[in-house]
Amino acid sequence: MVIAGAGLAGSLLSLFLARRGYDVVVYEGRPDLRTTPIDAGRSINLALSARGLHALDQVGLTDEILRLVIPMRGRMIHDLDGTQTLQPYSHRPGEHINAISRADLNKKLLDAAEATGRVTVHFNHRCTAFDLDTRRLHVQDTRTGVTTATTVPRVIGCDGAGSAIRQALTASPGFSFTPEMLDYGYKELTIPPGEGGGWRLEKHALHIWPRHRFMLIALPNLDGSFTCTLFLRLEGPESFAGLAAPADVRAFFERHFPDAVPLMPDLTGEFFENPTGTLGTVRCRPWHHEDAVLILGDAAHAIVPFFGQGMNCAFEDCATLDGCLERFGPDWRRVFETFYRLRKPNADAIA
Ligand SMILES: Cc1cc2nc3c(=O)[nH]c(=O)nc-3n(C[C@H](O)[C@H](O)[C@H](O)COP(=O)(O)OP(=O)(O)OC[C@H]3O[C@@H](n4cnc5c(N)ncnc54)[C@H](O)[C@@H]3O)c2cc1C
């Protein structure tokens, strides 16, 4: 089996497949995040919910992963006057979402996949093209620039919102792809730990500063810090484009998030150092071609982060594909068709 992408979906899927006895080769465009200090991808931390945990449970990782999380029992709403109000996610004990570091989670999944002895991950190897007829997969070594092509029985694209494997599906009759970019972007900022360690806001909450046309959120990290994300229009009167100088940023934050400013000592430094990310939704169909190619996770259905469900849906994809394999494997065509039929309505519902 060949998988493109060793992010969250690709590494979990490789583990599912290995547990079913498949030997799996994974090509990952980035270096190994366990040995190279790189950022792990789009957001520093994520909310892991019941549907994601359910998939992790099926590969026996729940206990290990739960050691890496901080339960968030509700939303802590920050009003302009500094009032904080906790809105619990549930009144039943144990019903909450969990903050987790994307890098820690990805590392744990990679370790578990490789520990099966059936998964080989080629880091610094980017899939550049897949030919549906010849099944030739083109892979570029990003360190040397050399591209090689090999014939593979099939490839599963877990290569994220900008998927190269999805691009291969455009040669499939009737394939349709409708990306929809938001005119909003996001930027990550930090609330460092308090003096002597410890969290400077309530640790067991997802903090939100809702301000109608934009918002700031903060999720706790295990080291006592919070990762904040500012969601704001890219252009226009209140926008990233309008925050061109440190004084603009400081004035904007003091006006709209006054209680957060004293907690962010490097606000303006980080604001200009950290990239502004873009946000969008990927809708496409079908997600497979015969038994040659399948896409899942963000490659098939990237969604905006406001629901906190993109990774959770990607994990659910992996568990559903595993269920299809149990029923129909190794009839891959039927596996892919059934998977698509089961998952597409769910993806459409959330996107
Ligand atoms: C700001 C923000 C906050 C978010 N918060 C949450 C949250 O709280 N909860 C939640 O559930 N979801 C959240 N999401 C969504 C979540 O990040 C994604 O849904 C999730 O990462 C999808 O996993 P994936 O493996 O499909 O894709 P990715 O995580 O994008 O992984 C794709 C992998 O493929 C590799 N790759 C890309 N192209 C190639 C190629 N051509 N060849 C080989 N490798 C390739 C990449 O390097 C990467 O490792 C958030 C997203 C954003 C932007």
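**First stop: a pair of helices**

Select α1 and α2, whose crossing is left-handed (the near helix is turned anticlockwise from the far one by less than a right angle; clockwise would be right-handed). The contact is formed by L12, F16 and R19 on α1, with A55, L56 and Q58 on α2; contact means heavy atoms within 4.5 Å. The axes of α1 and α2 (residues 50–58) come within 10 Å and cross at roughly 35°. Such axes are lines fitted to C-alpha atoms, for helices over the stretch in contact, with angles from 0 to 180 degrees between N-to-C directions. Helices (H or I, at least four residues) and strands (E, at least two) are DSSP runs numbered from the N terminus.

This is a predicted model, in which local features need pLDDT of at least 70 and side-chain atom pairs count only at pLDDT 80 or more, while totals for chains, interfaces and linings use all residues. Residues are numbered from 1 along each chain as its sequence is written, and side-chain values use heavy atoms, with hydrogens and water left out.

**Second stop: the ligand**

Next, select the ligand and the 29 residues that surround it, the closest being A9, E28, A47, R102 and D298; a residue is near a molecule if one of its heavy atoms lies within 4 Å of it. At least two residues of this shell come from each of α1 (8–19), β3 (45–48), β9 (125–130) and α9 (310–328). By class, the shell holds eleven nonpolar, eleven polar and seven charged residues.

At G308, a polar backbone atom lies 3.2 Å from a nitrogen atom of the ligand. The protein covers 91% of the 1000 Å² of accessible area that the ligand has on its own (Shrake-Rupley method, 1.4 Å probe).

Now select R285 and P286, joined by a cis peptide bond with omega about -15°. P286 sits in the loop between β17 (277–285) and β18 (288–289). Move on to the peptide bond from G329 to P330, also cis, with omega near 0°; P330 belongs to the loop between α9 and α10 (332–350).

Finally, select N124, in the loop between β8 (119–122) and β9. The phi of N124 is positive, near 60°.

Technical notes: Polar contact = N/O pair within 3.5 Å; in protein donor to acceptor, adjacent residues only side chain to side chain. Nonpolar A, V, L, I, M, F, W, Y, C, P; charged D, E, K, R; others polar.
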